[in-house]
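The following questions and answers are intended to accompany a careful reading of one protein chain. Please keep the sequence and the structure in view while working through them.

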Amino acid sequence: MNKMKMPLALLSFLLLAVASTIPAAAGILADAPSAASTAYGPDDFNMHAVATALGADRALGWRNDSSACRDGWTGITCGEGGKVIAIRARNAGLNGTLPTEVTLLFALQVLDLRDNGLTGALPDAVFLELTNLHIDNNLFTSVPADFLSTARSLQGFSISNNTQLQPWELLHDAHRLTKLRHFIANNAGVSGTLSGFLGNRSVFPELSILSLAHNLLTGHVPATFYSRTLHRLDLSSNDLSGPIDFIANLLGLEELLLDHNSFTGPMPDLSGLWKLQVVDVAHNRLTGVVPASLTDLGLLNSVSLTGNLFQGPLPELASSVHSDITNAAFNGSFCRTEHGPCDPLVDAFIAIAGGFQYPEALAASWKGNHPCAGWLGVNCDDGGVITEVNLCRLGLNGTLHPAFGTLKTIQALLLAGNNISGAVPQSIAELPLLRFQDVSDNSLEGSMPRFHSGVSIWAQGNPNLTVPAASCTPCIYSDTVRGFLVAAALTVIVALISVN
């Protein structure tokens, strides 16, 4: 009997202790908003924290003793069940921070806080239902890694002119952003490369505007970047480099802004971009001939090409097109400052440069309409006749263009120490005055064509090039023979010096 009394007494004590805490617990719960509360909506607890952090309690009257939806806070839109679906507080005098509680507004679709003085780090957000996020013209300081990676419903994003942002990189895997239409982050500290963000051919199937101007981007734009929906691409004022062939894949493009970068190589064929209206590639390192497909675009109204190394004739644009091509011509592009064809020899050298993929070293030197005016590697006699082309060890790639065969007066063709591939054109073998050709130490292949009698050929260092004995007299294609001849020549020179 006594053994049963102790447990019953203990149980009674515990029941009394629990009962005594119920009023206090009830009082605590009464102070917090809940879905069942008649005074507050389901998002009010988080909205009060957002209001305080943003400074909207003072600027917009979002009071902590009121309800965002029931009391109709300025700029707040609510949906079913009294949940907040939009916050619009543009140019509202806010000067606080964006708290993590905003990420707990699970029905939020629109967040527009542009043109305020908000500071601090952006929260690491999920934003599953967010369709539009606009936070331009603020003073935010950092962007979390993988920001927006889960924003599966996002259609529009802008963060331009946040000049206090530490450098941050774009998503490397943006496959979830399938509904994205506008991505605008100008002057926002964006760094790194575009290889991950734009490298997937199937990414952004609805993208219409991509604007990343005045940032810290480097590297190449991926050649796999492809879009039928993109209307405006602005990558101006970065440090991007490499070719711009990718623009031929942007079939719906209307505005192309690539100015003030370090892009190189020629412009691609633009014939498939019939909607193109604005083209700005000024202040890069572009070379080659401006394609006729640019001048043939029927909707074109603005072109800027200055500050490059374009070759060939001045493009003939319609009178309705605003352009700077005259200024470009006076600053080193094109063979002439007025419309009209280039000298035939200039055309030949431009074709030769094209075979080498229009290298910058040649474009920077081969300016104007006179190859004998100090062009790199072009040697002339006193009468202005080209006698030698010496392009040794310039890091040239590509192939030997048949246009070499139009240089009828050259006696020596020196191309050693490059990475030239392909075959030696027959047109070179038919040069009437040629006496010496050095194509050693390249990647040439095939069989050397037959040259006329008296042409000396150095061709060693091309393991895939065959030089038949009948191709030349003499043919020099081995390091041993070349070394022997050099030693013999030195012996003769020493002997002559001794005699004198």
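Q: Among contacts in the protein chain between residues at least 6 apart in sequence, what percentage join residues at least 24 apart?
A: The model is a predicted one. Contact here means heavy atoms within 4.5 Å. Among contacts between residues at least 6 apart in the protein chain, the share that joins residues at least 24 apart is 41%.

Q: Of the residues of the protein chain, what percentage count as buried?
A: A residue is called buried when its relative accessible area is under 20%. The protein chain has 500 residues, and the part of them that counts as buried is 46%.

Q: How many helices and how many strands does the protein chain have?
A: Both kinds of element are counted along the protein chain as DSSP runs. The secondary structure comes to 10 helices and 30 strands.

Q: Which strands are the edge strands of the open sheet formed by seven strands?
A: The order of the strands in this open sheet is E8-E10-E12-E14-E16-E18-E20, with parallel pairing. An edge strand pairs on one side only, and this applies to strand E8 (168–169) and strand E20 (309–311). The edge strands are therefore the two ends of the order, given that strands pair if DSSP finds at least two bridges between them: E8 and E20.

Q: Which residue in E12 is the bridge partner of Gly192?
A: Strand E10 covers residues 190–192 and strand E12 covers residues 216–220. These strands pair in the parallel sense over two bridges. In E12, the bridge partner of Gly192 is Leu217.

Q: Is Asn308 buried or exposed?
A: Asn308 is placed in the loop between strand E19 (302–304) and E20. Its relative accessible area is 4%. Because the limit for a buried residue is under 20%, Asn308 is classed as buried.

Q: Which residue's backbone nitrogen does the side chain of Asn308 reach at 3.4 Å?
A: A polar atom of the Asn308 side chain lies 3.0 Å from the backbone oxygen of Leu305. Leaving aside neighbours within four places in sequence, Asn308 is in contact with several residues, among them Val281, Ala282, His283 and Ser333. At 3.4 Å, the side chain of Asn308 reaches the backbone nitrogen of Arg285.

Q: Which elements give two or more residues to the lining of the largest pocket?
A: The largest pocket holds about 170 Å³ of space. Its lining has 13 residues, of which Phe356, Gln357, Tyr358, Pro359 and Glu360 lie nearest the centre. The elements that give two or more residues to this lining are strand E16 (262–265) and strand E18 (285–289).

Q: Which elements give two or more residues to the lining of the largest cavity?
A: The count comes to one cavity of 30 Å³ or more, and about 50 Å³ of space lies in the largest cavity. Its lining includes Phe310, Gln311, Val346 and Ile350. By class, the lining has seven nonpolar, four polar and one charged residues. The elements that give two or more residues are E20 and helix H7 (344–355).

Q: Which residue in E29 is the bridge partner of Gly446?
A: Strand E27 (residues 443–447) pairs in the parallel sense with strand E25 (residues 421–422) over two bridges. E27 also pairs in the parallel sense with strand E29 (residues 464–466), over three bridges. In E29, the bridge partner of Gly446 is Leu465.

Methods: Residues are numbered from 1 along each chain as its sequence is written. This is a predicted model: local features need pLDDT of at least 70, side-chain atom pairs count only at pLDDT 80 or more; totals for chains, interfaces and linings use all residues. Side-chain values use heavy atoms; hydrogens and water are left out. Helices (H or I, at least four residues) and strands (E, at least two) are DSSP runs, numbered from the N terminus. Buried means under 20% relative accessible area, exposed over 50%, partly exposed in between (1.4 Å probe, protein chains only). A polar contact is a pair of N or O atoms within 3.5 Å; within protein, one must be able to donate a hydrogen and the other to accept it, and residues adjacent in sequence count only if both atoms are side-chain atoms. On a 1 Å grid over the protein atoms alone, a cavity is a set of points where a 1.4 Å probe fits but cannot get out, and a pocket is an open set with protein on both sides within 12 Å along at least five of seven lines; lining residues have an atom within 4 Å of a point. Grid points are joined across faces, edges and corners, and a volume is the space filled by probe spheres set on the points. Ala, Val, Leu, Ile, Met, Phe, Trp, Tyr, Cys and Pro count as nonpolar, Asp, Glu, Lys and Arg as charged, and the others, Gly among them, as polar.
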